[in-house]
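Please walk through the model below, one residue or element at a time.

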Amino acid sequence: MTAPLIPDRASELQGLLAKLTGHAAARVRRYGKHLLIQMQHDESLDTVARLTQTGTNHYVAAFRTHSGRWEPLPASGNLRQTAEIVVTILAPYLHPET
């Protein structure tokens with residue numbers, strides 16, 4: 001008997017971000033119970049936001065300020081709902097540099 005597949009939330013969120021933003025420039029990395037949303041800028045990878053799992057398929061979001069502090073965003077819900085709100089609020093930060 002094989003073990004059930006555990007969903008890879010980082011890959012799922014990265015796919016959602018690509019659909020919602022219309023590009024594949026955003027990257028997602030798992031860090032404990034957090035999913036870090038990162039964008040490539042010049043030679044560095046900047047962490048823009050994080051989604052923190054607070055329950056079974058329930059997440060809250062935070063924005064990383066220029067000082068490195070995490071500020072809560074008014075976004076919570078399942079992965080899709082939280083991603084939609086984050087993309088709406090942080091659209092300028094999730095736009096690839098041209």
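L35 sits in strand β2. In this predicted model, its relative accessible area is 1%, so L35 counts as buried, the cut-off being under 20%. Leaving out residues up to four places away in sequence, L35 touches R9, A10, L13, V28, R29, R30, A49, R50, L51, Y59 and L79.

Two packed helices are described by the angle between their axes and the distance between the axes. Here the pair is helix α1, residues 9–21, and helix α2, residues 79–89, whose axes come within 10 Å and cross at roughly 45°. That angle makes α1 oblique to α2, and the crossing in which α1 passes α2 is right-handed.

Which residues of α2 are buried? They are L79, T82, A83, V86 and V87. Viewed down the axis of α2, these buried residues fall within an arc of 130°, and therefore they line one face of the helix. An α-helix has 3.6 residues a turn, so residues three or four places apart point the same way. The buried residues of α2 are covered by elements that include α1 and the strands β2 (34–41), β3 (44–55), β4 (58–64) and β5 (70–77).

One of those covering strands, β4, holds F63. F63 has a relative accessible area of 16% and is therefore buried. Its contacts, leaving aside neighbours within four places in sequence, are V48, A49, R69, W70, E71, L73, L90 and Y93. The C-alpha atoms of F63 and I89 are 9.8 Å apart, and the two residues are 26 residues apart along the chain.

Next come the loops on either side of β4. N57 is placed in the loop between β3 and β4. Most residues other than glycine have a negative phi, and most peptide bonds are trans. N57, although not a glycine, has a positive phi of about 50°. With a relative accessible area of 30%, N57 is partly exposed.

The loop between β4 and β5 contains H66 and also G68. Is H66 buried or exposed? Its relative accessible area is 85%, so H66 is exposed. G68 has a value of 27% and is partly exposed. Two C-alpha separations place this loop relative to other parts of the chain. H66 and L79, 13 residues apart along the chain, have C-alpha atoms separated by 25 Å. For G68 and A25, which are 43 residues apart along the chain, the separation of the C-alpha atoms is 21 Å.

Definitions and conventions: Residues numbered from 1 in each chain as written. Predicted model: local features only at pLDDT ≥ 70, side-chain atom pairs only at ≥ 80, totals over all residues. Heavy atoms only, no water. Axes fitted to C-alpha atoms, helices over the stretch in contact; angles between N-to-C directions. Helix = DSSP H or I, 4+ residues; strand = E, 2+ residues; numbered from the N terminus. Parallel < 35°, antiparallel > 145°, perpendicular 65-115°, else oblique. Left-handed = near helix turned anticlockwise from the far one by under 90°. Buried < 20%, exposed > 50% of the residue type's maximum accessible area, 1.4 Å probe, protein only. Arc of directions from axis to C-beta. Contact = heavy atoms within 4.5 Å.
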